[in-house]
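Me: I have a model open and want to go through its features. Can you take my questions as they come?

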Amino acid sequence: MLDPSFQPQSGSDVVAFTIGVIALMQGLIWYRDRDAASPWFTMAYVLGTAMAAANDRLPLGDDAPNTVYLMAIYAMRACWAMGLVRYLGVPIRQRGAVVVALLWPAVLVLLVIAAGRAVGRLPALVPLLYMDAGFAALCVAAARREPGTGLTALAFGSLVGTAALLLAHFRGVTPLLIRHHYLWPSAIAFGILLLVVGQMRKSHESLRAQALAERMTNFYAALSDCNQAILRIREASALYDEICRISVDTGHALLACVYTRDGDLARRAASAGPAARVLAQVPDPLDLSGETARSSFTAQAMRTGKRVLSNDYQSEPRSTPWRAQAVAHGVRALAWLPLRRGGRVVGVLMLAADEVGFFDAPMVRLLDEMIDDISFALDTIDSEAARVESERQVLAGLERFSQLFNAAPVPAAIVSIPERRVVDVNAAMCARYELPREALIGQATGSFDYKIVAEDRERFYAQLERDGHVRNLVLRALDGKQASHLELINAETIEHLGARCHLVMSLDITDLRAIEETRAALAAARSASRAKTEFLSRMSHELRTPLNAVLGFTALLASESPGQLGSRQLAQLEHVRQAGWHLLTLINDVLDLSRIEAGQFVVEARALALLPLLDEAVQMTQPQAQAAAVTVHADYREQDRQEGDVAVCADPTRLRQVMLNLLSNAIKYNRDEGSIHLRVACAGNRVTIDVSDTGIGMTRDQLGHLFEPFNRLGRESGGVEGAGVGLALTRELLHLMHGDIEIDSEAGRGTRVYVTLPRAQVAPAPVAAAALRDIPVEAQPDIPAAPKGVVLYIEDNAVNTLLVEQLLSRWRDVQFVPAQDGATGIRLAGALHPDLVLLDMQLPDIDGVEVLRRLRSNQALRELPIVVLSATAMPEDIRQARRSGATDYWTKPLDFQRFLTDVARLLGSASVRAGQPDRVGPN
């Protein structure tokens, strides 16, 4: 229990009066300003006044304090705590915690007293000292937030009581017995300072509000100037310069700078104030990908698109690289404000100030407004530029349209849809109507002499209304003479000079339709010709295959059974052989003619000596001439040749074919003991070959049908072989070699043929050996005797296989190996390593081209002679076989003696290779 003998000393009336005045002043402040802290301070000092007035009635004991006195001073301190947290602006959420932290020792003492326990003077005094220290700490913390408001002095005022106790202690006075050394000095000092600091804070706030108002006034002026600049300037760089200048001139920024983004670089686009000095150490452009720059405020604002503020830049950790520059030039606060263009961050406006905390909330709101205006201005600049560009493009488009419209080679008009009247026409339309432009504009479309048939015109408008356009619509039209025309119409709905119109273009296709019909007929004819050529090619293959057997076995019978057959049988064999070769010649001629007609025939014209080729042709036809008792005179050898030998530009093989055909006709249609004369004449750059005979001649009617294929001019029953395609083929061959043929004939007096060819101006090239393959059997060299080697024949036709086997059986040292399909042939070739492979192109399992490719892919068979034996004689098939690796290409039917000669030659070459050390021989 508390000691009732504890009695404080009696107080002074002056103290009570002083504290009461302070209470009154706090009450007036509460009444006038409705300050939230004043009620608590008023309550505290009212309680203090009461304590001072009752000073003599609160005696002190010897050992423990008076309980009422102690509770009163604790209550007074509690009111101070409640008022102080409001006076110093402690956040509402933290006030309860702060008050509890200040009062908990006093509450603990009170709980001890309530429990009936006695409390000594020193334990009762500790909560008061603790609370005074806490009050001082709160005031010091607030003084840092509000410099210049005297809150530091208030902190010292809260410690006056503590200082008085310490002073009394050092003077030897017992502090617990001297009320005046603790309660009253502390209360009076704290109350007076509270009133003084309040006035200082109000004065400071007034000055601050005045400065803020001045800043806001300056900023509003800057904002107004910025808006005027936005309305006035239409170029981004000029706008940046003006914004920076305004920001500095109106005093709300120490310096201003605009950075624009260029990829990973930030370029300084504009600046004002001492920017050149302040930013002298900052690179320009600033590489935002670098480690230092990447962590800068500029990079952060550009990257995130959010403003960045530093109201105490010199204390910022990230300002280290540029802090020295900021200190040297008094830069205390900085703001980085992102600029947007089309919703994308394109730059940053950097503003610097010389005052800590310069960029407060009101300022930031105005800066955001200014930045929004600048971004809007940039968008407006872009929109204006886009509008100007669009107008320019529209004008350019109208100009181009006008130029194209007037220059269009087909008649065109712009017609209003509602009235169906002409709005504009081009020059081609004026030419059609033979009227000036002014006479056509404004007229109804159905009022002209040249107009669309009414029914078709309505069909046109119906389709235009339904689809909005017309595509390639063919309409009937009548001109001024009522002549019928076909018009191809195209129309498109357009906006022209603000009115809904359609652009109509028409083309008279009357003649074009006739041309198209002609072209269609021509295309059909060409298609039929190609079909005929393909049919003849297939038929050629199918006919050559059995002919190969007929001619081959006929040759075998004639050569192997001369003593076993009588003269009559031998004559019959000769008839079979001649009929076979005649049929082959017919097939070749018909195929060549068809290929020429289909455009698939190619000649290789080059310079060649003419006289040796004529000599060959005369020599090759001598047997036929001798059999028919006709004399061939080579008059060209007896002519004067002062200019030297004659060279022509021609394909040697085809020219020989032409001459053989002409000489053969001259012999076949000559008379007994008749003659043929060959002459050559040169005139300028042309050479003429003259072939004249003393034969039966032709009538004028026959000459009119001379070059018609399969027309034998009524001589089908004359006993002379022929098919009527030779001369037609001859003329086509000469045309391909840029030559020509003329025939002069009279019935009963013979025929004269003139062949004209281009004269060669260079030294003639020798006739290649390949060009002599058509020389008859008599001109071929003798067959070499007894070749040896292995011949692999890949062929599915058993008759062809038997024929080749019997042809080669005359050579004892030649081993013949057949293969009926491609797979077997490839396997045998790899196992046997033959000296020669004969290959048919049409096999039952693998195409001949694939067989060639597989054989050539075998390293050991790369040099192996592979000869194609095929009934297909098309040039493309021959070229494909050679590209795939064929050594040669022989067409069926085979010439018996030439086949053996070529096989012997190839086997001889194989024998030479067999002697080489790197040859892979048979296993």
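Me: How do the residues of the lining of the largest cavity divide into nonpolar, polar and charged?

Reply: The lining divides into 18 nonpolar, three polar and four charged residues. Here Ala, Val, Leu, Ile, Met, Phe, Trp, Tyr, Cys and Pro count as nonpolar, Asp, Glu, Lys and Arg as charged, and the others, Gly among them, as polar. This is a predicted model, where local features need pLDDT of at least 70 and side-chain atom pairs count only at pLDDT 80 or more, while totals for chains, interfaces and linings use all residues. Residues are numbered from 1 along each chain as its sequence is written, and side-chain values use heavy atoms, with hydrogens and water left out.

Me: What volume does the largest cavity have?

Reply: About 390 Å³. A cavity is a set of points on a 1 Å grid over the protein atoms alone where a 1.4 Å probe fits but cannot get out, and lining residues have an atom within 4 Å of a point. Grid points are joined across faces, edges and corners, and the volume is the space filled by probe spheres set on them.

Me: Which residues are closest to its centre?

Reply: Of the 25 lining residues, Met429, Tyr433, Thr445, Ile452 and Val504 are the closest to the centre of the largest cavity. Strand 12 gives the most to that lining, with four residues. Helices (H or I, at least four residues) and strands (E, at least two) are DSSP runs numbered from the N terminus.

Me: And the second largest cavity, what lines it?

Reply: The second largest cavity is lined by 19 residues, with Leu279, Val282, Tyr313, Trp322 and Met350 nearest its centre. Its volume is about 270 Å³. The lining divides into 15 nonpolar, three polar and one charged.

Me: Change of topic. How many salt bridges does the count come to?

Reply: The count comes to 21 salt bridges, each being a side-chain nitrogen of Lys or Arg within 4 Å of a carboxyl oxygen of Asp or Glu.

Me: Which residue pairs with aspartate 456 in a salt bridge?

Reply: Arginine 476 does, with the closest N and O atoms 2.9 Å apart. Aspartate 456 lies in helix 17 and arginine 476 in strand 10, so the pair ties together parts that are 20 residues apart in sequence. Glu455, Asp456, Arg459 and Arg476 are linked in a network of salt bridges.

Me: Is aspartate 456 buried or exposed?

Reply: Aspartate 456 is buried, at 4% relative accessibility. Arginine 476 is partly exposed at 38%. Buried means under 20% relative accessible area, exposed over 50%, and partly exposed in between (1.4 Å probe, protein chains only).

Me: What does arginine 420 meet in a salt bridge?

Reply: Its side chain meets that of glutamate 458, at 3.1 Å from N to O. Arginine 420 lies in the loop between strand 7 and strand 8 and glutamate 458 in helix 17, so this pair ties together parts 38 residues apart in sequence.

Me: Back to strand 10. What is phi of asparagine 472?

Reply: Phi of asparagine 472 is near 50°, a positive value in a residue other than glycine. Asparagine 472 is in strand 10 and is exposed, with a relative accessible area of 51%.

Me: Where does glutamate 673 lie?

Reply: Glutamate 673 lies in the loop between helix 21 (652-668) and strand 16 (675-683). Glutamate 673 has a positive phi of about 60° although it is not a glycine, and counts as exposed at 69% relative accessibility.

Terms used. On a 1 Å grid over the protein atoms alone, a cavity is a set of points where a 1.4 Å probe fits but cannot get out, and a pocket is an open set with protein on both sides within 12 Å along at least five of seven lines; lining residues have an atom within 4 Å of a point.
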